[in-house]
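Please study the structure shown below together with its sequence.

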Amino acid sequence: MGNEILELLNDGAAVKILVTADETGAPHPVVKDSLRFEDGKIIYFEFCEASRSNRNMTNALWFDKKAVILLLASDKRSFNITAKPARCVINTKVFQRYYEEAREKYGFDLSSAWILEPLEITEHSLGFRVEQESRARSYFNHLDRLAGKEVTA
Amino acid sequence: MSALSFDEVAAKYPQFPRLVLLKTDLHRRGVYYTDKALSSLDPDRHQTGGTHIFGTRDGKLTQRPEALILRDGASVLTTSTPLEEDPYIVDFTDGRLMVLDKGKELEEVFFWDKPDYYGKRTSKGVLMQNVIGARPQRLYITPNRFCFFWSDEGGGGCQFCDIVNNLKQQRAEIEMQTRLDPQDIAETVAEALKEPGRFTAVFLTSGSDYRGKTPFDSEIDFYIDVLKAIGRNFAIKKFPSQILCSAVRKDQLQRLYDETGVTSVTMDIEVLDERLFNIICPGKAKWVGYHEWKKRLVDAVEIFGPNRVGTGVVAGVELAGPFGFPSEDEALAAVLGEAEELAAGGVSSVVQVWQARAGSKLGKGRRKISLEYYARLALGFQALRRKYGLEIDFDDYRRCGNHPDSDLARGL
């Protein structure tokens with residue numbers, strides 16, 4: 001599904017924001033530079049065990065809820081990636097690999113590596129969205145934009 | 001009235017995550033590994049059981065998985081259970097390890113990797129896995145595996161416990177030692193710390209030892225020797241750790257805290273009711289007593305600080321035998337009442353689902369405790385922690401993994 005867009009998560013110049021929700025539905029956005037696309041899954045590093053996003057993500061896994069990733073690519077295109085948590089990795093040799101990478105790249109301890117399954121991708125680049133709406137919902141256009149050659153009496 | 005099914009409990013308590021509920025029920029009913037599941041176990045990679053302080057439900061120490069991992073990262077310690085006791089089934093199908101019930105696939109699970117130090121020996125030739133067992137994130141050290149409550153002067157071992165019978169079997173079958181040498185422990189910790197990202201806490205527990213000039217001096221003296229040996233491996237004095245000891249006096253706890261790197265203490269009261277405590281834990285009743293046990297727990301908060309003192313209950317024994325509470329409602333009210341008194345004093349209670357073991361007195365003919373009871377109890381204990389602002393980092397899903405209520409602390 002949209003692998004060429006998901007691959008943009010691996011661009012170091014991209015801005016990546018993870019949005020999770022708490023039990024009241026209140027959104028909690030955080031910049032997650034570690035987000036990446038690997039072997040068909042989205043992965044990110046959670047450094048803080050007690051963070052709100054970690055708690056929200058745990059609840060999302062437990063209660064089958066979703067998270068959203070806002071991706072601003074280096075070419076200024078933006079996408080929303082809806083995903084659901086598939087697994088929380090805190091042990092085994094897989095975790096060790098992530099732990100060593102986190103220590104080397106970021107210098108911090110690593111709480112967990114979250115694996116997310118992408119569900120849907122929608123583009124929200126401004127030009128793309130405006131153009132899309134202008135074509136699909138013609139009543140939302142201002143008439144002066146649609147004016148042709150001036151008619152004279 | 002028959003007990004609610006798993007799905008009925010899940011529907012009645014929607015705030016209780018199904019995955020944690022499944023973990024609770026895996027503890028309650030046990031698991032049976034099929035031959036295909038056991039064939040998928042790689043002894044060179046995966047951790048197998050046998051070194052735990054307590055035995056299994058079927059009384060066998062054969063190489064079977066010590067535990068499973070769920071997709072939320074939590075671990076489930078498993079005790080292999082005979083089929084006639086209606087356990088969950090763990091099978092290997094289509095390349096996946098699955099938990100099944102009545103033929104229906106419920107959840108994918110995973111074996112956990114054994115640590116790198118397994119298979120190695122200390123300078124004295126002792127197998128390191130017999131010195132320190134491993135949970136996914138915890139170094140599990142049992143310096144002394146004999147419980148003196150089982151001896152002639154002991155008063156009697158706890159009726160749900162099989163520690164001494166299990167030790168006899170381990171000594172005969174897997175060269176397990178009764179008492180560890182602190183030097184072996186120090187060397188094994190050093191080896192374990194070479195594995196990046198593997199462990200987050202050190203845990204010690206032993207059989208109770210009331211001997212000494214005053215009761216439990218011998219236990220504390222030995223723990224101090226062991227903790228000092230462990231501490232040599234760290235660059236800081238205090239390291240993330242938990243000691244599970246007898247309910248010793250305040251001055252003994254002060255020594256333990258001042259002279260070692262230990263940062264939290266747990267003193268398991270086992271059953272939160274005085275009458276049942278006296279029946280089920282006669283040795284603890286003789287050498288400490290119920291009210292004194294509670295007092296010493298609260299005293300420990302002054303030394304270790306808030307969020308660092310706990311007590312475990314073997315949840316379900318309060319309903320066991322002819323002496324147990326006549327109903328789950330009565331048991332729940334009593335247990336939560338006592339737990340609240342402790343929580344108000346800064347002490348966190350945790351649930352350990354009673355798993356009847358072959359070598360214990362209560363192992364035979366036990367009453368079936370409902371899943372709903374455990375769900376209500378776990379929710380109750382976690383609610384108490386929230387009410388009194390208690391954290392359970394030292395005994396949570398990663399540092400221990402054996403308490404469904406402290407798993408809830410991740411999200412609730």
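Chain A of this predicted model contains five helices and seven strands. Read from the N terminus, its elements follow the order α-β-β-β-β-α-β-β-α-β-α-α. Its radius of gyration is 20 Å, well over the 15 Å that the globule rule gives for 153 residues, so chain A is more spread out than a compact globule. Along the principal axes, its C-alpha atoms fill a box of roughly 80 × 35 × 25 Å. Buried residues make up 29% of the 153 residues in this chain. Among the contacts in chain A with a separation of 6 or more, 66% join residues 24 or more positions apart.

Which residues of H3(A) are buried? They are Phe95(A), Tyr99(A) and Ala102(A). Seen down the axis of H3(A), these buried residues fall within an arc of 65 degrees, so they line one face of the helix. They pack against three strands of chain A, namely E4 (41-46), E6 (78-89) and E7 (112-123). The face turned away from the buried side of H3(A) carries Lys93(A), Glu104(A) and Lys105(A), which are exposed. Just after the helix comes Gly107(A), with a positive phi of about 80 degrees.

The discussion now turns to the other chain. Chain B has 14 helices and 14 strands. Its radius of gyration is 20 Å, close to the 22 Å given by the globule rule for 412 residues, so chain B is as compact as a globular protein of that length. The C-alpha trace of chain B spans about 55 × 50 × 40 Å along its principal axes, and 55% of its 412 residues are buried. Chain B has an average pLDDT of 92, and 95% of its residues score at least 70. For the complex, the predictor gives an ipTM of 0.91 and a pTM of 0.93.

Helix H12 of chain B, residues 328-344, can be examined in a similar way. Its 17 residues reach 24 Å from the first C-alpha to the last, close to the 24 Å expected at 1.5 Å a residue. The buried residues in H12(B) are Ala331(B), Val335(B), Leu336(B), Glu338(B), Ala339(B), Leu342(B) and Ala343(B). They cover an arc of only 165 degrees around the axis, which puts them on the same side of H12(B). What covers them includes helices H11 (290-304) and H13 (371-387) and strands E13 (309-315) and E14 (348-353) of chain B. On the other side of H12(B), Asp329(B), Gly337(B) and Ala344(B) are exposed. Gly346(B), which follows H12(B), has a positive phi near 90 degrees.

In soluble globular proteins, nonpolar side chains tend to be buried together. The largest nonpolar core here has 118 residues, of which Ile132(B), Leu139(B), Ile185(B), Val271(B), Val351(B) and Tyr374(B) touch the most other members. H13(B) gives the most to this core, with eight residues. Apart from this core lies another, of 29 residues, among them Met57(A), Ala67(A), Trp114(A) and Leu116(A). Returning to Leu139(B), its contacts beyond its neighbours within four places in sequence are Ile132(B), Ala134(B), Val189(B), Ala192(B), Phe199(B), Val202(B) and Phe203(B).

How values were computed. Residues numbered from 1 in each chain as written. Chains lettered and ligands numbered in written order. Helix = DSSP H or I, 4+ residues; strand = E, 2+ residues; numbered from the N terminus. Rg over C-alpha atoms; globule rule 2.2 N^0.38 Å. Buried ≥ 20, exposed ≤ 12 C-beta atoms within 10 Å, placed from the backbone. pLDDT = per-residue confidence, 0-100. Expected span 1.5 Å × (residues − 1). Arc of directions from axis to C-beta. Contact = placed C-beta atoms within 7 Å. Core = buried A, V, L, I, M, F, W, Y, C linked by C-beta atoms within 7 Å.
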